[in-house]
Amino acid sequence: MKRMRSALGAMLVMGGLLATAQPAAAKTHEVNMTAKETEVVVEGSGETYKAWTFDGQFPGPVVRVTEGDTIKFTLENPKTNTYPHAMDFHAAEIDFLKNYRAINPGETISYTFVAKKPGLFFYHCGAPPMIQHVARGMFGAVIVDPKNAKAWPKADREYVLVQSEFFKNPDDVQTMFDRKFDNVIFNGGIFKYHPFVTGGGKLDAKPGERVRIYFVNAGPNEFSAFHPIGEIWDNVYESGNPDNKLNGVQTYVVGPGSAATFDVVAESAGAYPLVTHSLTGALRGAIAVLLVGPDAKPAPLMPMTPWEVAPKPAQ
Ligand SMILES: [Cu+2]
């Protein structure tokens, strides 16, 4: 018995040693955001919109950490703002009443959480009426990379796309409840990645590259049916978790407040529009053209955000 105990003890010690030999110690990230009620460009013509944003950006900045990391978050609501704002991180598992409460102009709020689960998560303002704070642009994406980088194939290129409904009159909350959206948009712009539209851009890739699209649906109400025209998703990872792997998917539904990560490998040069196959959305703005060619340049995670085009001259 004694021997068994010491053998067990030795195993535990070895286990402990192995545990300390794990790669990359968890990090702590200070993430600070400022609620900004400001105008942003939403169309290639330079048309602007009275948005509510995190850091003046629609969507807000991408937060990227590794599974097990700690996020120390602070939201500032400057006294120059008119409305209360809040922050709800879907990557966190913490008390909502205390941490996600709305703060008035002139106040700040801080909280800390550990990103325990790998994946892709939504963040958004939760101040009432939440439907309006989301519709006006207060949302973004959190990527929690898996601690084990070999949990999935390495991507050659990565993009973040956040879908949302756009309501031309930002003050008409009833149209939001009635689902009477004017456009459906990716990354805060109408046909933002459509090269045939004035001021529109594209998403670049080279033939044979594994392109990883981190796709978040901000809503506030509509479901997305995310589909690559001319291609098939090699893999879809529900909530962006490498454990939730699907193969050979044509269209995958992402509900409001949800997210999934999509891998596509286009072997041939050409144009592959990424759309919501809910056509009222695609034909009113939610088309992002993945342009595959040998000269594709490196690009940021969320190209053209903020969208800097010449503003429309005042009438
Ligand atoms: Cu808000």
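Visitor: Of the contacts in the protein with a separation of 6 or more, what share comes from residues 24 or more positions apart?

Guide: This is a predicted model, in which local features need pLDDT of at least 70 and side-chain atom pairs count only at pLDDT 80 or more, while totals for chains, interfaces and linings use all residues. Residues are numbered from 1 along each chain as its sequence is written. Two residues are in contact if their C-beta atoms, placed from the backbone, lie within 7 Å. Among contacts with a separation of 6 or more, the share from residues 24 or more positions apart is 72%.

Visitor: Which element gives the largest share of the side of domain 1 that touches domain 2?

Guide: The domain bounds, 28–147 for domain 1 and 157–292 for domain 2, come from an automatic or database domain assignment. The contact between them takes 29 residues from domain 1 and 30 residues from domain 2. On the side of domain 1, strands E2, E7 and E8 and helix H3 each give two or more residues. The largest share, five residues, comes from E7.

Visitor: In E6, which residue is the bridge partner of Leu75?

Guide: Along strand E4 (residues 70–77) the side chains alternate, and Leu75 is one of those that point to one face and are buried; a residue is buried if 20 or more other C-beta atoms lie within 10 Å of its own, exposed if 12 or fewer, and partly exposed in between, with C-beta atoms placed from the backbone. Two strands pair if DSSP finds at least two bridges between them. E4 and E6 (residues 107–114) pair in the antiparallel sense over eight bridges. In E6, the bridge partner of Leu75 is Ile109.

Visitor: Is Ser278 buried, partly exposed or exposed?

Guide: Ser278 lies in the loop between strand E18 (270–276) and helix H5 (279–282). Leaving aside residues up to four places away in sequence, Ser278 touches Glu222, Phe223, Ser224 and Ala225. Because Ser278 has 18 C-beta neighbours inside 10 Å, it counts as partly exposed.

Terms used
Helices (H or I, at least four residues) and strands (E, at least two) are DSSP runs, numbered from the N terminus.
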